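Here is my notebook from a first look at one chain. Follow along with the picture open, and check each entry as you go.

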Amino acid sequence: MKRLLSLAALFTAAAADQQEVKLLPEGPGKDAVVKVCLECHGVANFRKVRKDAGEWTDSVQDMVDRGAKATQPEMDAIAAYLVKNFGKGARVQMNSAPLEEIKAVLGFTVPEAQAVVEYREQNGPYKDWRGLLKAPGIDAARVEAKKDAMAF
Ligand code: HEC
């Protein structure tokens with residue numbers, strides 16, 4: 001029984017990862033990110049921050065120093081992908097961002113960020129920032145103040 005339970009937990013974790021992978025923006029370097037960067041932690045670690053090219057290059061090197069397995073071309077592709085999607089000033093993709101990114105980059109509270117994600121999961125993609133106002137418990141003023149930092 002115990003074994004069955006841990007197997008179930010494993011499948012749940014794998015399913016969550018697949019969902020995270022699906023929600024990562026498409027583009028060059030994504031394959032390398034998926035191969036190299038999800039072995040020890042989820043996508044939130046890198047989605048919730050904004051760094052410039054130098055900082056992302058350092059961060060990728062730091063992960064390799066911690067044990068991430070990547071060739072130099074993979075490291076370059078990963079850094080380029082991260083700069084493009086999570087560089088300084090990169091907008092938050094409201095139809096794919098995890099709770100942590102919405103919280104950290106836009107300054108939403110945890111319950112607000114959670115409501116944004118849950119409403120999206122139940123009702124499908126948002127069309128624009130006004131759509132977010134339908135998610136329960138959202139501070140309309142905060143959404144409007146941050147609308148230029150969002151993408152749909
Ligand atoms: C060998 C395991 C491992 C792999 C593979 C790995 N990381 Fe990490 N990463 C860690 C650990 C450990 C931490 C610190 C604890 C935490 O936040 O989970 C961390 C934290 C982070 C952080 C937050 C802290 C910081 O330095 O800004 C970012 C960003 C990050 N990782 C990005 C990446 C990227 C990008 C990749 C792919 C190149 C990657 N990680 C692959 C182990 C790993």
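**Entry 1: the overall layout.** I counted helices and strands to begin with: the chain has eight helices and two strands. I kept in mind that this is a predicted model. Reading from the N terminus, I noted the order of elements as α-α-α-α-α-β-α-α-α-β.

**Entry 2: the chain in totals.** I looked up how much of the chain is buried, and the figure is 24% of its 152 residues. Then I turned to contacts with a separation of 6 or more: 64% of them join residues 24 or more positions apart.

**Entry 3: around the ligand.** Which residues come nearest to the ligand? I found 16 residues around the ligand, and the nearest of these are Cys 37, Cys 40, Met 63, Gly 67 and Ala 68. Next I asked which helices supply the shell. At least two residues each come from helix H2 (30-37), helix H3 (44-47) and helix H4 (53-65). H4 gives the largest share, with four residues. Sorting the shell by class, I wrote down nine nonpolar, four polar and three charged residues.

Which residues of H7 are buried? My list has Glu 112, Ala 113, Ala 115 and Val 116. Looking down the axis of H7, I saw why they belong together: the buried residues fall within an arc of 160 degrees, so they line one face of the helix. What do they pack against? The partner of these buried residues is helix H6 (99-106).

On the face away from the buried side I found the exposed residues Val 110, Glu 121 and Gln 122. Just past the end of H7 sits Gly 124, with a positive phi of about 90 degrees.

Entry 4: I located Glu 144 in helix H8, residues 140-145. How many other C-beta atoms lie within 10 Å of Glu 144? There are 13, so Glu 144 is partly exposed; a count of 12 or fewer would have made it exposed, and 20 or more buried. Last, I looked up Trp 129, which is 15 residues from Glu 144 along the chain. The C-alpha atoms of the two are separated by 7.3 Å.

Note on methods: Residues numbered from 1 in each chain as written. Predicted model: local features only at pLDDT ≥ 70, side-chain atom pairs only at ≥ 80, totals over all residues. Arc of directions from axis to C-beta. Contact = placed C-beta atoms within 7 Å. Near = placed C-beta within 6 Å. Nonpolar A, V, L, I, M, F, W, Y, C, P; charged D, E, K, R; others polar.
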